[in-house]
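Thanks for coming. Please look at the structure on the screen while I go through some charged side chains.

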Amino acid sequence: MAVARQGSDELARALDLISQIFHRDGLFLDIARSQRIGTTFLEQQQRVWRKPECNTDSGATNPACVLAPLAAELKPTPFAGAVSAFESWLDSHADIELSLPMLKTAPAWSMFQEGVLNSLILIVGALIATLAFALLFGAAMGSRVAPLRWLARLVTVTLQSSPIVLTLVIAAAIVHAFFTYSDAVALAASIAALGLANGSNAGQALSEAVWSLRAERTTARGFDLFTRALGRSATQIVAFLINAAKGTPIASFIGAPELLSALTDITSFSSGRATTYTLLLVFYTVVVIGVVWLCGKLRLYLEGRQRRAEAVA
Amino acid sequence: MNSLLAELSGDFLPRFLVGMAVNFEIAVVALAIGLALGMLLALGRLRGGAAGVAAASAVTLMRAAPTFVVMFFLLNALPREASLFGMPLALSGVMTVALSLVPYSAAYVSDAGLDALRHWRDGSTVGALLFLPNVTRAFFVLVMSSSAGAAIGVTEGITVILRQAEQLHSLDDRLLLFALGIVMFGIPLQLGFALIGLVQRSLGRRAAVTDEASA
C-alpha cells in the first residue's frame, strides 16, 4: 500500500502489520472467496506469512517474505526497433502518424496476442452456440407437444425483450454465483448469452419454417421435415449467426478478455489510441466479413439441400 | 419480491423511465441519420454502375462493422478538438452511441429501401409500403441496441438498472430486478412487433385485393 513519502512512517507501519495479519489469518482469502475471485496469489501469500521467519513484527522488512518491487519499466519486444523505424518511415514519407503500442512492449504484445486468440474463440463459440440453440429452440417451438412449445416461446419472448447488455449481465451474475471468476468463465458466460439471444431468434424462424411446411401438407416427417425447414429458414439463421459474430465485442462489458478489452488495457499504459481503435475496427470488420462469407456458403448448402429434397418430393 | 421492493430506492422508477427515454432518443437519432444515408445508398445501388458498386461496397462494410467497436472507435479515435465547418465536434455520450448505430441503421435502410424502390418501379405500391414495417422493426432493434451506451456511462435504462443492482445484496433480488427490466423493455418492444404484424397483415390484404382486381 502506498503512503506519502514523508511524515507517514507510523501509518505505513500500521498498514504493513494489518496486511501481514490479514494475509496470515486468511481474512483477504475469505473476502476473495466470498466474492468468487481467483485466490491463487492470496493462498501463496498466506503460506508465506504463516512461516515462522515471516510471522514476526519485523517480517515486513525481511526480503524473504516481501515481494520484490514491481519493475515499472516495460520490456520491449524483440521487434520494437523495427516497429519504431516503420512508424518514423511512414511519418516522414507519407505524413501519417501511426502508433503501434501493442507491438512495442512485451506485456502489450502478450495481451494483444491473447486478445486476438480469445476474440476468435469467442466468435467460434458464439457461432456454435447460436446454431445449437437455434436447433434446440426450433425443435421445441416446432413440436406438436403444446407445453414444450409454449415454454420455448416464453423463453424466446423473454430473450427478445432483453437488451443484449442485460442478457450478458444476467449470464455473468448466474455464472459467478457458481464459479470463481476467470477468463474462461467470462468467455463461457458470454458465449452462452450470445448463443441464447441469437439462437432463440433463429430457432423461431426455424419453427416457423416447420409450421409452414406442415401447412403445405408436405409428406416429409420427423428429421426429414426438420432438415427441409433448415433450408427454408437458412437466410434467417445465417442473419442471426452473423449477428452473433458481430455482437462478440460486447462481451468485454462483463470482463471477457477479448481484443477490445485487451486493447483498452494496452491504451491505459501507452499512447496511440486512435491507431489502436482503428486497428480494432478493421480487425472485427474483416473477421465479420469472413463470417458473412462462410455463412453465405452455409446458406447456399442448406438451400441447395432443400431444393433437391423438393425436387425429389 | 417484497424485499426487492423494500430495497429499491424511491426514485428508481422515474429514473428508469427517464433512462428508457434516452434509449428511444438514441434510436430516433440513429434512425433519422440512417434513413437519410441509407436511402442515398439505396438510390446509388438502384442506379448501378460505379455509383452502385461504391454504394454496395459501403453497405457491405457498414453491415460488418460491430456497433460496440464503432462506439469505442468514435469515443477514442476522434480527436477531442475536432471541428466541422469551424464548429466544435465534441460528441456527447448519447450522440456517440447514436452514431455508432448509424452503420447498422443505414445498411438496413439501404436494403429495405432498395427492395421498396424496386417494388415501386414495378408498380407494386403495397410491396413498396412494406418499407414502413421494416423500418419500424429496425427502430425497435435500435432501442434495444442502444443499451450498449451503458459501457461508456450514458445514463440509459440499463445503466439505471445496473446501478440499482449494485445496491442489492442478494442474487435473487438482482435477478428479480433484471426480470423487471426485461418486462419494462419487453412491453414497448412486443407492442411494436404486434403493430408491425398488424400493418403487414393489412398490407397483405390490400395486396390480395389489388391482385384480384388486376386479374
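Glu43(A) has a relative accessibility of 29%, so it counts as partly exposed. Keep in mind that the model is predicted. The side chain of Glu43(A) forms a salt bridge with that of Arg33(A), at 3.5 Å from N to O. Where do these two residues sit in chain A? Glu43(A) is in helix α3, residues 40–49, and Arg33(A) is in helix α2, residues 27–34, so the pair ties together parts that are 10 residues apart in sequence. Arg33(A) is partly exposed as well, at 46% relative accessibility.

Now chain B. Asp11(B) and Arg15(B) make a salt bridge, and their closest N and O atoms are 3.4 Å apart. Asp11(B) is partly exposed, with 39% relative accessibility. For Arg15(B) the value is 30%, and that residue counts as partly exposed too.

Next, Asp111(B) and Arg63(B): their side chains meet in a salt bridge at 2.9 Å, N to O. Asp111(B) belongs to helix α5, residues 93–121, and Arg63(B) to helix α3 of chain B, residues 49–64, so this pair ties together parts that are 48 residues apart in sequence.

As for the total, the count over all chains is 6 salt bridges. The ones I went through are among them.

Methods:
Residues numbered from 1 in each chain as written. Chains lettered and ligands numbered in written order. Predicted model: local features only at pLDDT ≥ 70, side-chain atom pairs only at ≥ 80, totals over all residues. Heavy atoms only, no water. Salt bridge = Lys/Arg side-chain N within 4 Å of Asp/Glu carboxyl O. Helix = DSSP H or I, 4+ residues; strand = E, 2+ residues; numbered from the N terminus. Buried < 20%, exposed > 50% of the residue type's maximum accessible area, 1.4 Å probe, protein only.
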